[in-house]
Amino acid sequence: MPSPEQPHDPGRQFVEVALPLPVRQNFTYRLSDQFGHAKTGARVLVPFGKRTLTGYLVGFPSNIGPELDAESLKPVLELIDDEPLITDEILELTRWSADYYAASWGEMLKASLPAGINAGVDQIVSITSKGRLELINNSSAKNKRNQLLSRLASDGDADIKRLAIEFGESAAKRAVRELANAGNASIRFETALPSVKAKRRKAVRLISDPSEALTDPQIRILDALKASVEPIAFTDLLTAADVGASPVNTLAKRGIVEVFVQEVSRDPLAGAELPKALDLKLNAEQSFVLSEITNAVRNSKYQGFLLHGVTGSGKTEVYIRAMQQTLALGRGSLMLVPEIALTPIFSRRLRAAFGGQVAILHSSLSPGERYDEWRRIRSGKARIVIGTRSAVFAPITDIGLIVIDEEHDSSYRQNESPFYNARDLAVIRASRANAVIVLGSATPSLESFHNSKSGKYQYLQLQQRIGDRPMATAELIDMREVFKRAGKDVVISQQLIEAIRETHAKCEQSIILLNRRGFSSFVLCRSCGE
(Lines give C-alpha, C1' and ligand atoms only; values in the text may rest on other atoms or scores of the structure.)
Protein backbone atom coordinates (compact mmCIF):
# COMPACT_ATOMS: atom_id res chain seq x y z
CA MET A 1 0.00 0.00 0.00
CA PRO A 2 1.21 3.56 -0.60
CA SER A 3 3.00 5.05 2.40
CA PRO A 4 1.73 8.28 4.04
CA GLU A 5 4.82 10.07 2.68
CA GLN A 6 4.00 8.99 -0.88
CA PRO A 7 0.23 9.20 -1.43
CA HIS A 8 -1.20 7.71 -4.59
CA ASP A 9 -1.23 10.09 -7.53
CA PRO A 10 -4.67 9.70 -9.14
CA GLY A 11 -3.25 11.06 -12.39
CA ARG A 12 -0.89 8.09 -12.75
CA GLN A 13 -3.34 5.48 -13.99
CA PHE A 14 -1.08 3.96 -16.63
CA VAL A 15 2.52 2.80 -16.78
CA GLU A 16 4.91 2.15 -19.62
CA VAL A 17 6.79 -1.13 -19.19
CA ALA A 18 9.88 -2.38 -21.05
CA LEU A 19 9.93 -6.18 -21.31
CA PRO A 20 13.04 -8.36 -21.80
CA LEU A 21 11.87 -9.52 -25.21
CA PRO A 22 13.44 -9.00 -28.67
CA VAL A 23 10.89 -6.33 -29.59
CA ARG A 24 11.67 -2.63 -29.99
CA GLN A 25 8.62 -1.23 -28.22
CA ASN A 26 7.25 -0.73 -24.73
CA PHE A 27 3.84 -1.78 -23.46
CA THR A 28 1.18 0.11 -21.54
CA TYR A 29 -0.56 -1.36 -18.47
CA ARG A 30 -3.11 -0.17 -15.93
CA LEU A 31 -1.81 0.77 -12.49
CA SER A 32 -4.07 0.02 -9.51
CA ASP A 33 -4.31 2.28 -6.46
CA GLN A 34 -2.27 -0.12 -4.30
CA PHE A 35 0.77 0.47 -6.55
CA GLY A 36 0.36 4.24 -6.71
CA HIS A 37 3.77 4.75 -5.05
CA ALA A 38 5.58 3.01 -7.93
CA LYS A 39 8.63 4.78 -9.39
CA THR A 40 10.49 4.53 -12.68
CA GLY A 41 13.25 1.94 -12.57
CA ALA A 42 11.24 -0.51 -10.46
CA ARG A 43 10.51 -4.05 -11.57
CA VAL A 44 6.91 -5.14 -12.08
CA LEU A 45 5.13 -8.39 -12.85
CA VAL A 46 2.82 -8.06 -15.83
CA PRO A 47 0.77 -10.44 -18.02
CA PHE A 48 1.96 -10.80 -21.59
CA GLY A 49 -0.08 -13.15 -23.74
CA LYS A 50 -0.29 -16.44 -21.86
CA ARG A 51 2.83 -15.66 -19.84
CA THR A 52 3.63 -13.53 -16.83
CA LEU A 53 6.91 -11.62 -17.16
CA THR A 54 9.17 -9.40 -15.08
CA GLY A 55 9.28 -5.97 -16.74
CA TYR A 56 10.80 -2.60 -15.95
CA LEU A 57 8.74 0.50 -15.27
CA VAL A 58 10.09 3.22 -17.56
CA GLY A 59 7.40 5.88 -17.61
CA PHE A 60 3.97 7.19 -16.66
CA PRO A 61 2.04 8.22 -19.81
CA SER A 62 -0.57 10.88 -19.07
CA ASN A 63 -2.88 9.46 -21.71
CA ILE A 64 -2.93 6.30 -23.79
CA GLY A 65 -4.11 7.70 -27.11
CA PRO A 66 -7.27 6.93 -29.05
CA GLU A 67 -5.95 3.61 -30.40
CA LEU A 68 -6.06 2.02 -26.92
CA ASP A 69 -9.04 1.31 -24.70
CA ALA A 70 -8.32 1.96 -21.02
CA GLU A 71 -10.71 -0.78 -19.90
CA SER A 72 -9.06 -3.39 -22.09
CA LEU A 73 -5.55 -2.67 -20.80
CA LYS A 74 -4.12 -5.44 -18.64
CA PRO A 75 -3.21 -4.52 -15.04
CA VAL A 76 0.17 -4.61 -13.30
CA LEU A 77 0.01 -7.78 -11.18
CA GLU A 78 2.72 -6.93 -8.67
CA LEU A 79 5.20 -4.19 -7.83
CA ILE A 80 8.44 -6.03 -6.99
CA ASP A 81 10.48 -3.01 -5.85
CA ASP A 82 9.21 -0.24 -3.57
CA GLU A 83 12.54 1.50 -4.22
CA PRO A 84 13.82 1.18 -7.80
CA LEU A 85 16.82 -1.05 -8.48
CA ILE A 86 17.70 0.88 -11.64
CA THR A 87 18.99 4.42 -11.19
CA ASP A 88 17.86 7.29 -13.40
CA GLU A 89 21.34 7.44 -14.95
CA ILE A 90 21.36 3.76 -15.95
CA LEU A 91 17.75 4.01 -17.12
CA GLU A 92 18.69 6.81 -19.52
CA LEU A 93 21.95 5.11 -20.58
CA THR A 94 20.16 1.87 -21.46
CA ARG A 95 17.44 3.79 -23.32
CA TRP A 96 20.06 5.58 -25.42
CA SER A 97 22.04 2.40 -26.11
CA ALA A 98 18.90 0.44 -27.07
CA ASP A 99 17.96 3.16 -29.54
CA TYR A 100 21.49 3.55 -30.94
CA TYR A 101 22.16 -0.18 -31.36
CA ALA A 102 18.60 -1.01 -32.52
CA ALA A 103 18.11 -3.30 -29.52
CA SER A 104 15.30 -3.99 -27.10
CA TRP A 105 15.24 -1.60 -24.14
CA GLY A 106 13.93 -4.36 -21.89
CA GLU A 107 16.78 -6.69 -22.85
CA MET A 108 19.28 -3.87 -22.31
CA LEU A 109 17.82 -3.20 -18.84
CA LYS A 110 18.01 -6.90 -17.99
CA ALA A 111 21.67 -6.95 -19.09
CA SER A 112 22.41 -4.04 -16.74
CA LEU A 113 21.31 -6.06 -13.68
CA PRO A 114 23.13 -9.03 -12.11
CA ALA A 115 22.04 -12.40 -13.46
CA GLY A 116 19.39 -14.18 -11.41
CA ILE A 117 18.01 -11.06 -9.72
CA ASN A 118 14.72 -11.04 -11.61
CA ALA A 119 11.80 -12.76 -9.94
CA GLY A 120 10.28 -15.66 -11.84
CA VAL A 121 6.68 -16.76 -12.01
CA ASP A 122 5.38 -20.19 -11.00
CA GLN A 123 2.23 -21.55 -12.67
CA ILE A 124 0.17 -23.35 -10.01
CA VAL A 125 -2.60 -25.79 -10.98
CA SER A 126 -5.44 -26.64 -8.56
CA ILE A 127 -8.40 -28.98 -8.84
CA THR A 128 -11.90 -27.45 -8.75
CA SER A 129 -15.08 -28.88 -7.21
CA LYS A 130 -16.22 -29.77 -10.73
CA GLY A 131 -12.94 -31.61 -11.19
CA ARG A 132 -13.44 -33.65 -8.02
CA LEU A 133 -16.90 -34.64 -9.25
CA GLU A 134 -15.44 -35.58 -12.63
CA LEU A 135 -12.86 -37.75 -10.88
CA ILE A 136 -15.58 -39.59 -8.92
CA ASN A 137 -17.76 -40.19 -11.99
CA ASN A 138 -14.84 -41.42 -14.14
CA SER A 139 -12.63 -43.07 -11.54
CA SER A 140 -12.02 -46.11 -13.78
CA ALA A 141 -10.54 -44.06 -16.67
CA LYS A 142 -6.77 -44.48 -17.00
CA ASN A 143 -5.97 -41.46 -19.19
CA LYS A 144 -3.51 -38.64 -18.42
CA ARG A 145 -6.32 -36.25 -17.43
CA ASN A 146 -7.58 -38.56 -14.70
CA GLN A 147 -4.08 -39.33 -13.47
CA LEU A 148 -3.39 -35.61 -13.20
CA LEU A 149 -6.73 -34.97 -11.46
CA SER A 150 -5.92 -37.72 -8.95
CA ARG A 151 -2.54 -36.09 -8.31
CA LEU A 152 -4.19 -32.68 -7.73
CA ALA A 153 -6.93 -34.20 -5.55
CA SER A 154 -4.35 -35.78 -3.23
CA ASP A 155 -1.95 -32.81 -3.05
CA GLY A 156 -4.37 -29.89 -3.45
CA ASP A 157 -2.28 -28.08 -6.07
CA ALA A 158 1.01 -28.46 -7.94
CA ASP A 159 3.56 -26.45 -9.85
CA ILE A 160 3.26 -27.13 -13.57
CA LYS A 161 7.06 -27.59 -13.73
CA ARG A 162 6.78 -30.55 -11.35
CA LEU A 163 3.86 -31.98 -13.31
CA ALA A 164 5.95 -31.71 -16.48
CA ILE A 165 8.64 -33.86 -14.84
CA GLU A 166 6.13 -36.48 -13.70
CA PHE A 167 3.93 -36.70 -16.79
CA GLY A 168 6.15 -35.33 -19.55
CA GLU A 169 6.21 -31.68 -20.58
CA SER A 170 3.95 -31.77 -23.62
CA ALA A 171 1.50 -34.26 -22.09
CA ALA A 172 1.24 -32.29 -18.82
CA LYS A 173 0.68 -28.94 -20.58
CA ARG A 174 -1.95 -30.46 -22.90
CA ALA A 175 -3.79 -32.16 -20.01
CA VAL A 176 -3.72 -28.99 -17.86
CA ARG A 177 -5.06 -26.92 -20.75
CA GLU A 178 -7.90 -29.39 -21.39
CA LEU A 179 -8.79 -29.57 -17.69
CA ALA A 180 -8.78 -25.78 -17.36
CA ASN A 181 -10.98 -25.36 -20.47
CA ALA A 182 -13.45 -27.88 -19.03
CA GLY A 183 -13.51 -26.13 -15.65
CA ASN A 184 -11.99 -29.13 -13.85
CA ALA A 185 -8.83 -27.27 -12.86
CA SER A 186 -7.83 -23.67 -12.23
CA ILE A 187 -4.50 -21.99 -12.94
CA ARG A 188 -2.97 -19.16 -10.91
CA PHE A 189 0.40 -17.43 -11.01
CA GLU A 190 2.67 -16.95 -7.99
CA THR A 191 5.87 -14.95 -7.77
CA ALA A 192 8.90 -17.21 -7.47
CA LEU A 193 11.93 -16.17 -5.46
CA PRO A 194 14.88 -14.93 -7.51
CA SER A 195 17.72 -17.42 -7.93
CA VAL A 196 20.14 -15.09 -6.10
CA LYS A 197 19.56 -13.33 -2.80
CA ALA A 198 21.49 -12.01 0.16
CA LYS A 199 23.37 -14.66 2.16
CA ARG A 200 22.44 -14.81 5.84
CA ARG A 201 23.73 -16.82 8.77
CA LYS A 202 23.06 -17.16 12.48
CA ALA A 203 25.59 -15.24 14.59
CA VAL A 204 26.24 -14.56 18.28
CA ARG A 205 27.45 -11.45 20.13
CA LEU A 206 28.04 -10.55 23.76
CA ILE A 207 25.61 -7.96 25.14
CA SER A 208 26.19 -7.97 28.94
CA ASP A 209 28.51 -9.33 31.59
CA PRO A 210 27.16 -12.18 33.72
CA SER A 211 26.33 -11.50 37.35
CA GLU A 212 26.08 -15.14 38.35
CA ALA A 213 28.16 -18.29 38.27
CA LEU A 214 28.75 -19.94 34.90
CA THR A 215 29.53 -23.46 33.84
CA ASP A 216 32.81 -24.31 32.10
CA PRO A 217 31.21 -24.49 28.63
CA GLN A 218 29.57 -21.10 29.20
CA ILE A 219 32.88 -19.58 30.29
CA ARG A 220 34.55 -20.88 27.11
CA ILE A 221 31.76 -19.33 25.03
CA LEU A 222 32.23 -15.91 26.67
CA ASP A 223 36.02 -16.11 26.31
CA ALA A 224 35.63 -16.76 22.56
CA LEU A 225 33.22 -13.85 22.17
CA LYS A 226 35.46 -11.46 24.13
CA ALA A 227 38.44 -12.41 21.97
CA SER A 228 36.60 -11.33 18.82
CA VAL A 229 35.79 -7.73 17.89
CA GLU A 230 33.03 -8.80 15.50
CA PRO A 231 30.08 -11.14 16.18
CA ILE A 232 30.94 -14.81 15.60
CA ALA A 233 29.00 -17.18 13.37
CA PHE A 234 26.97 -19.63 15.47
CA THR A 235 28.69 -22.73 14.07
CA ASP A 236 32.15 -21.15 14.34
CA LEU A 237 31.48 -20.31 17.99
CA LEU A 238 30.51 -23.92 18.76
CA THR A 239 33.78 -25.07 17.18
CA ALA A 240 35.94 -22.43 18.89
CA ALA A 241 34.47 -23.06 22.35
CA ASP A 242 34.13 -26.84 21.82
CA VAL A 243 30.52 -26.82 23.02
CA GLY A 244 27.07 -27.77 21.80
CA ALA A 245 24.17 -25.41 21.07
CA SER A 246 22.51 -25.80 24.49
CA PRO A 247 24.85 -23.56 26.58
CA VAL A 248 24.68 -20.82 23.93
CA ASN A 249 20.88 -20.89 23.99
CA THR A 250 20.93 -20.81 27.80
CA LEU A 251 23.12 -17.68 27.80
CA ALA A 252 20.77 -16.10 25.25
CA LYS A 253 17.72 -16.76 27.46
CA ARG A 254 19.54 -15.12 30.38
CA GLY A 255 20.26 -12.02 28.28
CA ILE A 256 24.05 -12.42 28.33
CA VAL A 257 24.48 -13.08 24.60
CA GLU A 258 22.29 -12.37 21.60
CA VAL A 259 21.67 -14.85 18.79
CA PHE A 260 20.65 -13.06 15.61
CA VAL A 261 20.61 -13.42 11.82
CA GLN A 262 23.52 -11.66 10.14
CA GLU A 263 23.91 -10.79 6.47
CA VAL A 264 27.20 -12.02 5.01
CA SER A 265 28.86 -10.42 1.99
CA ARG A 266 30.44 -12.85 -0.49
CA ASP A 267 33.81 -11.33 -1.32
CA PRO A 268 35.46 -12.50 -4.59
CA LEU A 269 38.87 -11.52 -3.19
CA ALA A 270 38.45 -13.22 0.19
CA GLY A 271 41.75 -14.87 1.09
CA ALA A 272 43.55 -13.45 -1.95
CA GLU A 273 47.14 -12.39 -1.45
CA LEU A 274 47.33 -8.65 -2.11
CA PRO A 275 50.47 -7.00 -3.47
CA LYS A 276 52.40 -4.71 -1.17
CA ALA A 277 51.61 -1.03 -1.59
CA LEU A 278 54.77 0.53 -3.01
CA ASP A 279 55.64 4.20 -2.76
CA LEU A 280 56.49 4.62 -6.43
CA LYS A 281 57.85 7.87 -7.81
CA LEU A 282 56.35 9.00 -11.08
CA ASN A 283 58.62 10.07 -13.90
CA ALA A 284 58.14 13.39 -15.70
CA GLU A 285 55.82 11.97 -18.37
CA GLN A 286 53.61 10.21 -15.83
CA SER A 287 53.40 13.33 -13.66
CA PHE A 288 52.32 15.45 -16.63
CA VAL A 289 49.67 12.95 -17.74
CA LEU A 290 48.32 12.61 -14.18
CA SER A 291 48.08 16.38 -13.72
CA GLU A 292 46.13 16.75 -16.98
CA ILE A 293 43.63 14.06 -15.93
CA THR A 294 43.19 15.23 -12.33
CA ASN A 295 42.76 18.87 -13.39
CA ALA A 296 39.94 17.76 -15.68
CA VAL A 297 38.33 15.75 -12.85
CA ARG A 298 38.42 18.82 -10.58
CA ASN A 299 36.59 20.86 -13.22
CA SER A 300 33.62 18.43 -13.01
CA LYS A 301 33.12 18.65 -16.77
CA TYR A 302 33.28 16.03 -19.47
CA GLN A 303 36.73 15.54 -20.93
CA GLY A 304 38.04 12.65 -23.04
CA PHE A 305 41.69 11.58 -23.10
CA LEU A 306 43.53 9.10 -25.30
CA LEU A 307 46.52 7.84 -23.33
CA HIS A 308 48.95 6.39 -25.85
CA GLY A 309 51.54 4.63 -23.72
CA VAL A 310 54.02 1.97 -24.73
CA THR A 311 53.96 -1.36 -22.89
CA GLY A 312 55.54 -0.98 -19.46
CA SER A 313 55.27 2.82 -19.39
CA GLY A 314 53.33 2.88 -16.11
CA LYS A 315 49.78 3.57 -17.30
CA THR A 316 48.26 1.52 -14.43
CA GLU A 317 49.97 3.65 -11.76
CA VAL A 318 48.55 6.77 -13.44
CA TYR A 319 45.07 5.19 -13.38
CA ILE A 320 45.31 4.38 -9.66
CA ARG A 321 46.49 7.86 -8.68
CA ALA A 322 43.78 9.48 -10.80
CA MET A 323 41.22 7.31 -8.98
CA GLN A 324 42.66 8.41 -5.63
CA GLN A 325 42.20 12.07 -6.62
CA THR A 326 38.66 11.35 -7.85
CA LEU A 327 37.78 9.56 -4.60
CA ALA A 328 39.19 12.47 -2.58
CA LEU A 329 36.69 14.71 -4.40
CA GLY A 330 33.84 12.43 -3.32
CA ARG A 331 33.22 10.94 -6.76
CA GLY A 332 33.31 7.33 -7.98
CA SER A 333 35.48 5.63 -10.59
CA LEU A 334 35.02 2.82 -13.10
CA MET A 335 37.76 0.80 -14.78
CA LEU A 336 36.97 -1.52 -17.68
CA VAL A 337 39.36 -4.25 -18.81
CA PRO A 338 38.81 -6.38 -21.93
CA GLU A 339 39.40 -9.86 -20.52
CA ILE A 340 38.36 -11.64 -17.32
CA ALA A 341 41.95 -12.90 -17.00
CA LEU A 342 43.13 -9.31 -16.44
CA THR A 343 40.57 -8.58 -13.72
CA PRO A 344 42.31 -10.41 -10.82
CA ILE A 345 45.60 -8.63 -11.57
CA PHE A 346 44.12 -5.14 -11.51
CA SER A 347 41.55 -5.85 -8.79
CA ARG A 348 44.26 -6.96 -6.33
CA ARG A 349 46.23 -3.79 -6.98
CA LEU A 350 43.10 -1.67 -6.51
CA ARG A 351 42.12 -3.57 -3.34
CA ALA A 352 45.63 -2.99 -1.94
CA ALA A 353 45.25 0.74 -2.65
CA PHE A 354 41.58 1.32 -1.76
CA GLY A 355 40.56 -1.56 0.51
CA GLY A 356 36.87 -2.44 0.72
CA GLN A 357 35.80 0.44 -1.51
CA VAL A 358 36.62 -1.70 -4.58
CA ALA A 359 33.95 -3.89 -6.21
CA ILE A 360 34.44 -6.41 -9.03
CA LEU A 361 31.95 -7.25 -11.79
CA HIS A 362 32.50 -9.97 -14.37
CA SER A 363 30.84 -13.18 -15.54
CA SER A 364 33.27 -15.58 -13.82
CA LEU A 365 31.99 -14.59 -10.39
CA SER A 366 29.36 -16.83 -8.83
CA PRO A 367 25.82 -15.41 -9.07
CA GLY A 368 25.88 -14.70 -5.33
CA GLU A 369 29.22 -12.87 -5.47
CA ARG A 370 28.08 -10.79 -8.43
CA TYR A 371 24.83 -9.92 -6.66
CA ASP A 372 26.61 -8.86 -3.45
CA GLU A 373 29.14 -6.74 -5.37
CA TRP A 374 26.34 -5.08 -7.34
CA ARG A 375 24.45 -4.28 -4.12
CA ARG A 376 27.57 -2.72 -2.56
CA ILE A 377 27.88 -0.48 -5.62
CA ARG A 378 24.16 0.41 -5.59
CA SER A 379 24.28 1.30 -1.88
CA GLY A 380 27.38 3.49 -2.29
CA LYS A 381 29.64 1.31 -0.11
CA ALA A 382 31.88 0.57 -3.10
CA ARG A 383 33.01 3.70 -4.93
CA ILE A 384 35.53 2.10 -7.31
CA VAL A 385 34.45 -0.62 -9.75
CA ILE A 386 36.56 -2.81 -12.01
CA GLY A 387 35.09 -5.22 -14.51
CA THR A 388 34.60 -6.38 -18.06
CA ARG A 389 32.22 -4.82 -20.59
CA SER A 390 28.95 -5.38 -18.66
CA ALA A 391 30.38 -3.29 -15.80
CA VAL A 392 29.71 -0.20 -17.93
CA PHE A 393 26.18 -0.38 -16.43
CA ALA A 394 27.44 -0.45 -12.81
CA PRO A 395 25.15 1.82 -10.71
CA ILE A 396 27.94 4.07 -9.38
CA THR A 397 26.59 7.27 -7.88
CA ASP A 398 28.25 10.52 -9.00
CA ILE A 399 30.79 8.88 -11.28
CA GLY A 400 33.77 11.14 -11.92
CA LEU A 401 36.31 9.00 -13.80
CA ILE A 402 36.09 6.14 -16.30
CA VAL A 403 39.19 4.26 -17.46
CA ILE A 404 39.11 1.95 -20.49
CA ASP A 405 42.27 -0.16 -20.49
CA GLU A 406 43.36 -1.63 -23.84
CA GLU A 407 40.62 0.43 -25.48
CA HIS A 408 41.38 -1.05 -28.92
CA ASP A 409 40.36 -4.57 -27.86
CA SER A 410 37.43 -6.16 -29.72
CA SER A 411 36.25 -7.85 -26.48
CA TYR A 412 34.42 -4.64 -25.55
CA ARG A 413 31.87 -5.50 -28.24
CA GLN A 414 28.89 -7.57 -27.09
CA ASN A 415 28.33 -10.07 -29.90
CA GLU A 416 24.96 -11.39 -28.79
CA SER A 417 21.67 -9.67 -28.07
CA PRO A 418 21.55 -7.02 -26.78
CA PHE A 419 24.43 -5.72 -28.91
CA TYR A 420 26.59 -2.82 -27.75
CA ASN A 421 30.15 -1.55 -27.58
CA ALA A 422 31.11 -0.95 -23.94
CA ARG A 423 33.93 1.43 -24.84
CA ASP A 424 31.63 3.73 -26.80
CA LEU A 425 28.89 3.45 -24.18
CA ALA A 426 31.44 4.50 -21.54
CA VAL A 427 32.17 7.65 -23.55
CA ILE A 428 28.44 8.46 -23.67
CA ARG A 429 28.09 7.77 -19.93
CA ALA A 430 31.02 10.06 -19.11
CA SER A 431 29.65 12.88 -21.25
CA ARG A 432 26.21 12.66 -19.61
CA ALA A 433 27.67 12.49 -16.08
CA ASN A 434 30.19 15.35 -16.54
CA ALA A 435 32.94 12.81 -15.92
CA VAL A 436 36.42 12.27 -17.33
CA ILE A 437 37.16 9.26 -19.52
CA VAL A 438 40.65 7.93 -20.24
CA LEU A 439 41.13 5.53 -23.15
CA GLY A 440 44.45 3.79 -22.63
CA SER A 441 46.37 1.64 -25.11
CA ALA A 442 49.82 0.92 -26.49
CA THR A 443 48.17 0.44 -29.91
CA PRO A 444 45.11 2.74 -30.06
CA SER A 445 42.25 1.95 -32.41
CA LEU A 446 42.06 4.01 -35.58
CA GLU A 447 38.81 5.70 -34.56
CA SER A 448 40.17 6.75 -31.15
CA PHE A 449 43.40 7.96 -32.71
CA HIS A 450 41.41 9.96 -35.27
CA ASN A 451 39.21 11.42 -32.50
CA SER A 452 42.33 12.58 -30.66
CA LYS A 453 43.72 14.24 -33.76
CA SER A 454 40.40 15.93 -34.56
CA GLY A 455 40.09 17.38 -31.05
CA LYS A 456 37.37 15.14 -29.61
CA TYR A 457 39.91 13.65 -27.18
CA GLN A 458 43.04 15.20 -25.72
CA TYR A 459 46.08 13.21 -26.80
CA LEU A 460 48.47 12.15 -24.02
CA GLN A 461 51.58 10.06 -24.53
CA LEU A 462 53.93 7.92 -22.45
CA GLN A 463 56.95 7.09 -24.61
CA GLN A 464 59.39 5.89 -21.96
CA ARG A 465 59.27 2.54 -20.16
CA ILE A 466 59.67 2.55 -16.38
CA GLY A 467 63.34 2.50 -15.44
CA ASP A 468 64.30 3.07 -19.07
CA ARG A 469 63.94 -0.64 -19.73
CA PRO A 470 64.52 -1.45 -23.42
CA MET A 471 61.69 -2.62 -25.64
CA ALA A 472 61.72 -6.23 -26.79
CA THR A 473 63.68 -6.70 -30.02
CA ALA A 474 62.02 -8.25 -33.07
CA GLU A 475 63.76 -9.92 -36.00
CA LEU A 476 61.98 -10.67 -39.27
CA ILE A 477 63.08 -13.88 -41.05
CA ASP A 478 62.48 -14.19 -44.79
CA MET A 479 61.43 -17.82 -45.18
CA ARG A 480 62.10 -17.68 -48.95
CA GLU A 481 65.82 -17.45 -48.20
CA VAL A 482 65.51 -20.25 -45.64
CA PHE A 483 63.88 -22.51 -48.25
CA LYS A 484 66.64 -21.75 -50.77
CA ARG A 485 69.39 -22.62 -48.30
CA ALA A 486 67.68 -25.77 -47.06
CA GLY A 487 66.59 -26.92 -50.52
CA LYS A 488 63.25 -28.06 -49.09
CA ASP A 489 60.23 -26.83 -47.16
CA VAL A 490 61.03 -26.21 -43.50
CA VAL A 491 58.66 -25.03 -40.79
CA ILE A 492 61.14 -23.42 -38.39
CA SER A 493 64.19 -21.38 -39.40
CA GLN A 494 67.64 -22.17 -38.04
CA GLN A 495 67.73 -18.76 -36.29
CA LEU A 496 64.56 -19.63 -34.38
CA ILE A 497 65.89 -23.06 -33.42
CA GLU A 498 69.06 -21.47 -32.03
CA ALA A 499 67.02 -18.87 -30.09
CA ILE A 500 64.90 -21.62 -28.53
CA ARG A 501 68.02 -23.56 -27.54
CA GLU A 502 69.53 -20.49 -25.89
CA THR A 503 66.30 -19.84 -24.01
CA HIS A 504 66.10 -23.47 -22.88
CA ALA A 505 69.72 -23.37 -21.69
CA LYS A 506 68.77 -20.42 -19.43
CA CYS A 507 65.90 -22.51 -17.96
CA GLU A 508 63.43 -20.05 -19.49
CA GLN A 509 60.27 -20.74 -21.49
CA SER A 510 59.38 -20.15 -25.13
CA ILE A 511 56.06 -19.60 -26.89
CA ILE A 512 55.52 -20.18 -30.62
CA LEU A 513 52.37 -18.65 -32.09
CA LEU A 514 51.21 -20.17 -35.37
CA ASN A 515 48.57 -18.24 -37.32
CA ARG A 516 46.53 -20.71 -39.36
CA ARG A 517 44.66 -19.74 -42.51
CA GLY A 518 41.87 -22.21 -43.25
CA PHE A 519 43.14 -25.81 -43.19
CA SER A 520 46.70 -25.02 -44.22
CA SER A 521 49.47 -23.86 -41.93
CA PHE A 522 50.25 -21.18 -44.50
CA VAL A 523 50.12 -20.63 -48.25
CA LEU A 524 53.19 -19.24 -49.99
CA CYS A 525 53.99 -18.09 -53.53
CA ARG A 526 57.61 -19.15 -54.22
CA SER A 527 58.01 -16.43 -56.87
CA CYS A 528 57.03 -13.27 -55.03
CA GLY A 529 56.74 -14.38 -51.42
CA GLU A 530 53.04 -13.46 -51.12
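Reply: E373 and R376 are both buried. In this predicted model, the two residues form a salt bridge, with their closest N and O atoms 3.2 Å apart. E373 and R376 stand three residues apart in helix α13, so about one helical turn separates them. Salt bridges with shared partners also join R200, E263, R266, D372 and R375 into one network.

Helix α13, which covers residues 367-379, lies across strands β14 and β15. The helix runs at about 135 degrees to β14. These strands belong to an open sheet of seven strands, paired in parallel, whose order is β14-β15-β13-β16-β19-β12-β20. Strand β14 (358-361) is an edge strand, as is β20 (458-462), and each of them pairs on one side only. From one strand to the next, the twist averages 20 degrees. As a general point, the strands of a sheet pair through backbone hydrogen bonds, in either a parallel or an antiparallel manner.

Within this sheet, β15 (residues 384-387) pairs with β13 (residues 332-336) in the parallel sense, over four bridges. In this pairing, L336 is found opposite G387 in β15. A further helix, α14 (residues 422-432), lies across β13, β16 (399-405) and β19 (436-441). Its direction makes an angle of about 160 degrees with β16.

The loop between β15 and β16 contains D398. The phi of D398 is near 50 degrees, which is a positive value in a residue other than glycine. D398 also forms a salt bridge with R331, and the closest N and O atoms of the pair are 3.1 Å apart. This pair links distant parts of the chain: R331 is in the loop between α11 (315-328) and β13, whereas D398, 67 residues away, is in the loop between β15 and β16. How are the two partners classed, as buried or exposed? R331 has a relative accessibility of 8% and therefore counts as buried, since the cut-off for burial is under 20%. D398 has a relative accessible area of 45% and is therefore partly exposed.

The structure holds 23 salt bridges. As a general point, side chains of opposite charge can pair when their charged atoms come close. Another of these pairs is formed by E258 and R205, with the closest N and O atoms 2.9 Å apart. E258 is partly exposed, with a relative accessible area of 30%. R205 is likewise partly exposed, at 33%.

A102 belongs to the loop between α1 (88-100) and α2 (105-112), and its relative accessible area of 49% makes it partly exposed. The other detail is a cis peptide bond between S417 and P418, with omega at about 0 degrees. P418 lies in the loop between β17 (413-414) and β18 (420-421).

Conventions. Residues numbered from 1 in each chain as written. Predicted model: local features only at pLDDT ≥ 70, side-chain atom pairs only at ≥ 80, totals over all residues. Heavy atoms only, no water. Pairing = 2+ DSSP bridges. Helix = DSSP H or I, 4+ residues; strand = E, 2+ residues; numbered from the N terminus. Axes fitted to C-alpha atoms, helices over the stretch in contact; angles between N-to-C directions. Contact = heavy atoms within 4.5 Å. Buried < 20%, exposed > 50% of the residue type's maximum accessible area, 1.4 Å probe, protein only. Salt bridge = Lys/Arg side-chain N within 4 Å of Asp/Glu carboxyl O.
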